[in-house]
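Subject: Structure handover

Hi,

Here is the structure for you to look at. My notes on what turned up follow below it.

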Amino acid sequence: MLKVEKIVDLSIPLSSRTPVYPGDPVPTITTAATIAADGYNLSLLQLGSHSGTHVDAPYHFRADGPTLDRLPLHAFIGEGVVIDVTGKEPAEPIRAADVEPYLEQLAPGKIALIHTGWSDYLGEPRYFQHPYLEAAAVEAMLERGVRTFLIDALSVDPPDGHTFAAHEKITQCNGVIGENLARFAAIDFVQPWIIALPLKIEQGDGSPVRAVAVKFALTR
């Protein structure tokens with residue numbers, strides 16, 4: 001039988017200090033009820049659908065794309081492949097040559113974890129000047145059958161917003177994008193099982209997730 005040997009939390013905290021893509025709503029969490037006054041604690045959450053660690057449905061960039069509630073759950077669960085592109089400079093593209101050494105590990109059902117190391121800069125201005133996926137790099141991974149792409153940065157596209165080529169190419173194939181993930185370096189085991197389930201939002205274009213990497217072990 002299988003047992004869970006290790007779990008790595010790949011999510012960033014969600015609060016009013018959580019960085020958001022420029023122009024997106026800033027999350028606010030306020031008290032709606034307290035034990036002292038009401039007999040229970042309750043919070044009011046106001047946030048955008050792409051707040052914190054989140055996933056994008058194809059509908060985010062395609063008017064005719066599937067919404068969250070129409071996507072199969074296996075799009076958010078699968079074996080992850082960590083693609084190490086650490087060492088990039090701010091706003092530097094991640095090119096096809098950078099992902100080429102990992103292509104043989106990729107296949108349909110695999111989840112590409114784009115490890116930039118940029119989650120180390122969470123809370124700093126530098127976080128907004130992240131590396132990004134060049135279109136050719138996305139195409140190379142799509143050709144291997146990958147349809148789920150998770151990155152430890154604010155966006156898969158350039159920080160200045162001059163193009164959304166990565167979003168467009170992935171969502172055109174009904175693929176899923178996850179952004180603002182963290183701690184990819186803590187995945188120190190092979191064949192990590194990635195789980196990044198969104199809320200079941202009707203007609204949802206995106207949703208915060210609690211993303212994890214799980215190490216399973218066989219037991220008798």
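Two strands pair if DSSP finds at least two bridges between them. Helices (H or I, at least four residues) and strands (E, at least two) are DSSP runs, numbered from the N terminus. Note that this is a predicted model: local features need pLDDT of at least 70, side-chain atom pairs count only at pLDDT 80 or more, and totals for chains, interfaces and linings use all residues. Residues are numbered from 1 along each chain as its sequence is written, and side-chain values use heavy atoms, with hydrogens and water left out.

Nine strands make an open sheet with mixed pairing, in the order 1-13-11-5-7-9-10-4-12. Strand 1 (2-9) and strand 12 are the edges, each pairing on one side only. From one strand to the next, the twist averages 30°. (Axes are lines fitted to C-alpha atoms, for helices over the stretch in contact; angles run from 0 to 180 degrees between N-to-C directions.)

Strand 12 runs antiparallel to strand 4 (residues 54-56), with three bridges joining them.

Ser 207

Ser 207 sits in strand 12 (residues 206-208). Its relative accessibility is 0%, so Ser 207 counts as buried (under 20% relative accessible area; exposed is over 50%, partly exposed in between; 1.4 Å probe, protein chains only). Beyond its neighbours within four places in sequence, Ser 207 touches several residues, including Ser 49, His 54, Leu 68 and Ile 201. A polar atom of the Ser 207 side chain lies 2.9 Å from the backbone nitrogen of Leu 199.

Aromatic pairs

There are three aromatic pairs. Rings of Phe, Tyr and Trp (its six-membered ring) pair if their centres lie within 6.5 Å; planes under 30 degrees apart count as stacked, over 60 as edge-to-face and the rest as tilted.

Phe 61 and Phe 164 form a tilted pair, 5.3 Å centre to centre with 50° between the planes. Phe 61 is in the loop between strand 4 and strand 5, and Phe 164 in the loop between strand 9 and helix 4, so the pair ties together parts 103 residues apart in sequence. Trp 118 and Tyr 121 have ring centres 4.9 Å apart and planes at 70°, so this pair is edge-to-face. Trp 118 is buried at 2% relative accessible area. Tyr 121 is partly exposed at 24%.

Best wishes

Conventions:
Contact = heavy atoms within 4.5 Å. Polar contact = N/O pair within 3.5 Å; in protein donor to acceptor, adjacent residues only side chain to side chain.
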